[in-house]
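Reader: Hey, I've just opened this one and I'm new to it. Can you walk me through some of the contacts and the layout?

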Amino acid sequence: MRSSSSFSVLIKRTFLALAACSLGGIALAQGELDPRLLSSAQTSNGLSPQPAVKLEKSMVRVSAAEPIELTGRALTIDQVLQVSREDRKVAVSNESWARVARSHALLLSYARLGQPVYGLNRGVGLNKDQTPFSGDVIAPEVRALSETFNRNMLLSHTVAYGPLVPADVVRAAMLIRLNTALFGGTGMQPEVVRQYAEFLNQGITPVIRGQGSVGAADITVLPQIALALMGEGEVFYRGQRMASAEVLRTAGLGAIKPFAKDSLSMLSANAYGAALAAVAASDAQALLNQADVVAALSLEGLDGNVAPFLAVTQAQRPFFGQSAAAHHIVSLLQGSSLWQRSEQRPLQDPLSFRSTAQIHGAARDALAALHAQLVVQINSSDDNPTVALDVRPATNATPQERRYFVTEGAVQGAILPSASFDPTVWAVSLEGVGIAMSHVAQSSAQRVLRLGDPAFTRLSRFLSPGGGVLAYTTIQKTVSSLSTEVRALSQPVSSDSLVLAGNIEDVASNAPLAAQRVAQQIKLVRTLLGIETIHAAQAIDLRLQAEPTRTLGAGTRAFHKAFRAQVPFLDADRRLGTDIEKADLFLLTQAQPQTRP
């Protein structure tokens, strides 16, 4: 039998192998990502064992005097959340600004060679065979044509619809596009890139609508941000919804004038989908930590068996996320009467209790895969065409290969058609998270139903306190409805798209839709966990009435006490819809997103 220390070593090695395959292999092969991201992946998304739950909300607020330095290669998901939700400022390294300037210069040098460039001197989509202008893009008359072409492209692509996008998602999208531009693959003018940083640091948030992207770059959504940077459209500023042009004057900013490939670079990126995914992943991790707590509370209410969660049990099948969930649950139960022998306790509990670590662990592992892929996404170029600085053709390169290179002049490199705007790799992982969340929901729903059944709890039916109180009878309908909706949202959408742009754009990922569905799942699962908390707390109180000397674990006791301050013991029938709302709000305010400085 393995010792606890050897088990921990095995778990660590297992995850490091996973991280190396999912993140390190890509990063080292490209030679571009900051290697520090490899070590950060080991603890991101709550994969390391979690401490006992803290009951006060304590999101880290970072001083505005400590901006995050952006290099295009080292942005973390935690930093995305700090900027988008905590208004942390950003600073761009001098090396990155130089890279942006050189990238833009290389793009213009390539165009001067008379080469066709998609989105610069050629149209986009089916119009790739159209030539809006030709010749030196620096010439004043040609530049004017280019600026008109760029503005028209942004206006014609602004076809998003639906409700306004939350400010934190918009800020995350701007940050991600800024950082990926700093990678050096866009060829945008430095002043265009700088405008993203100015908007973030001055708290200017474009008003945008977020439906309509098919996830082959967010070309219907991102133009709204671009137009705001130009002084068109509306923004939120200092708590007010205002015209962008007015805010630019107030903030002392000039309106940018996109030209060359600027507009294509501003709209053809996955920054919006990646922002949705990053925010959803953070919220999902916070919810999973809470799900552990709620499940531990339910185990107390059931008078369940702790054996499945022991380290020695977990060592027999050492999946990393599973062991982390089990460790968390065990830490919450320290000091509980569940550790005392009881002849009345069943040998084995229903699977919804017994396999909690496996189910929550599967969700953790799915989040780990998504996290690793998002780190690559937000620290690389998804541009088409992409600008590759300081690369030269191989000595045996074919004429077709050589046509993409600039081999003379101060800045050398290549302008390469690509399909890097395709985010299928992490769209599929997003859907994996959605499927995992449906398992979390199903597990919670089944625990609720078991807690209301005397055959499993040896308590009163539907946890009634007696005296004719009906208690939790009809609430089971709500549980079933929530569980069904979460499962429906887990259905894959990434392979479902129409053929667009004259049969040129014939595949897409629907990544933003997948992220929006996960975000909706998170809200529904939180409500479901709130109902489970209502049942678990009631079961515990009934046990404590019968056994006043019974003790709860350190973590579950604190959680139970805090919950009871918001939702009292059910001693008479009342509107349970109100209790559901209070329980949902309780879990929302207790959420602990994993932000780090």
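Reader: What joins the side chains of Asp303 and Arg345?

Author: A polar contact of 2.9 Å. Keep in mind that this is a predicted model. The side chain of Asp303 also makes a polar contact with that of Arg550, at 2.8 Å.

Reader: Where is Asp303 found?

Author: Asp303 is in the loop between α11 (271-302) and α12 (311-314).

Reader: Is Asp303 buried or exposed?

Author: Asp303 counts as buried because its relative accessible area is 4%, and the cut-off for buried is under 20%.

Reader: Which residues is Asp303 in contact with, leaving aside neighbours within four places in sequence?

Author: Asp303 is in contact with Leu338, Ser342, Arg345, Pro346, Arg458, Arg543 and Arg550.

Reader: OK, new spot. Where's the place of Ser460?

Author: Ser460 belongs to the loop between α18 (454-457) and α19 (475-489). Ser460 is partly exposed, with a relative accessible area of 28%.

Reader: And what does Ser460 touch, not counting residues up to four places away?

Author: Ser460 touches Pro454 and Leu542. Ser460 and Leu542 are 82 residues apart along the chain, yet 8.7 Å separates their C-alpha atoms. There's a polar neighbour too: a polar atom of the Ser460 side chain lies 2.5 Å from the backbone oxygen of Ser464.

Reader: Let's zoom out. How many helices and strands are in the chain?

Author: The chain has 22 helices and 10 strands. It runs to 597 residues, of which 56% count as buried.

Reader: What share of the contacts with a separation of 6 or more comes from residues 24 or more positions apart?

Author: Those residues account for 81% of such contacts in the chain.

Reader: Now the sheet with β8 in it. What order do the strands have?

Author: The order is β8-β10-β9, in an open sheet of three strands with antiparallel pairing. β8 (386-389) and β9 (405-406) are the edge strands, each pairing on one side only.

Reader: How many bridges do β8 and β10 pair over?

Author: Four, in the antiparallel sense. β9 is joined to β10 (residues 413-416) by two bridges, and that pair runs antiparallel as well.

Reader: Which residue in β10 is the bridge partner of Ala388?

Author: Ala414 is the bridge partner of Ala388. Ala414 is also the partner in β10 for Phe405.

Reader: What sits between the strands in the hairpin of β9 and β10?

Author: Six residues, and in this hairpin Gly409 takes a positive phi near 105°.

Reader: Which helix lies across β8, β9 and β10?

Author: That's helix α4 (residues 94-112), which runs at about 110° to β8.

Reader: Where is Asn384 found?

Author: Asn384 is in the loop between α15 (356-377) and β8. Asn384 is buried, with a relative accessible area of 14%. The Asn384 side chain reaches the backbone nitrogen of Ser418 at 2.9 Å.

Reader: Switching to rings: how many aromatic pairs does the structure hold?

Author: Two. One of them is Phe563 with Phe586, an edge-to-face pair with 5.4 Å centre to centre and 75° between the planes.

Reader: Which parts does that pair tie together?

Author: Phe563 lies in helix α21 (residues 554-564) and Phe586 in helix α22 (residues 576-590), so the pair ties together parts that are 23 residues apart in sequence.

Reader: Are Phe563 and Phe586 buried or exposed?

Author: Both Phe563 and Phe586 are buried. Ring pairs also bring in Phe559, linking Phe559, Phe563 and Phe586 into a cluster.

Notes: Residues are numbered from 1 along each chain as its sequence is written. This is a predicted model: local features need pLDDT of at least 70, side-chain atom pairs count only at pLDDT 80 or more; totals for chains, interfaces and linings use all residues. Side-chain values use heavy atoms; hydrogens and water are left out. Rings of Phe, Tyr and Trp (its six-membered ring) pair if their centres lie within 6.5 Å; planes under 30 degrees apart count as stacked, over 60 as edge-to-face and the rest as tilted. Buried means under 20% relative accessible area, exposed over 50%, partly exposed in between (1.4 Å probe, protein chains only). Contact means heavy atoms within 4.5 Å. A polar contact is a pair of N or O atoms within 3.5 Å; within protein, one must be able to donate a hydrogen and the other to accept it, and residues adjacent in sequence count only if both atoms are side-chain atoms. Two strands pair if DSSP finds at least two bridges between them. Axes are lines fitted to C-alpha atoms, for helices over the stretch in contact, and angles run from 0 to 180 degrees between N-to-C directions.
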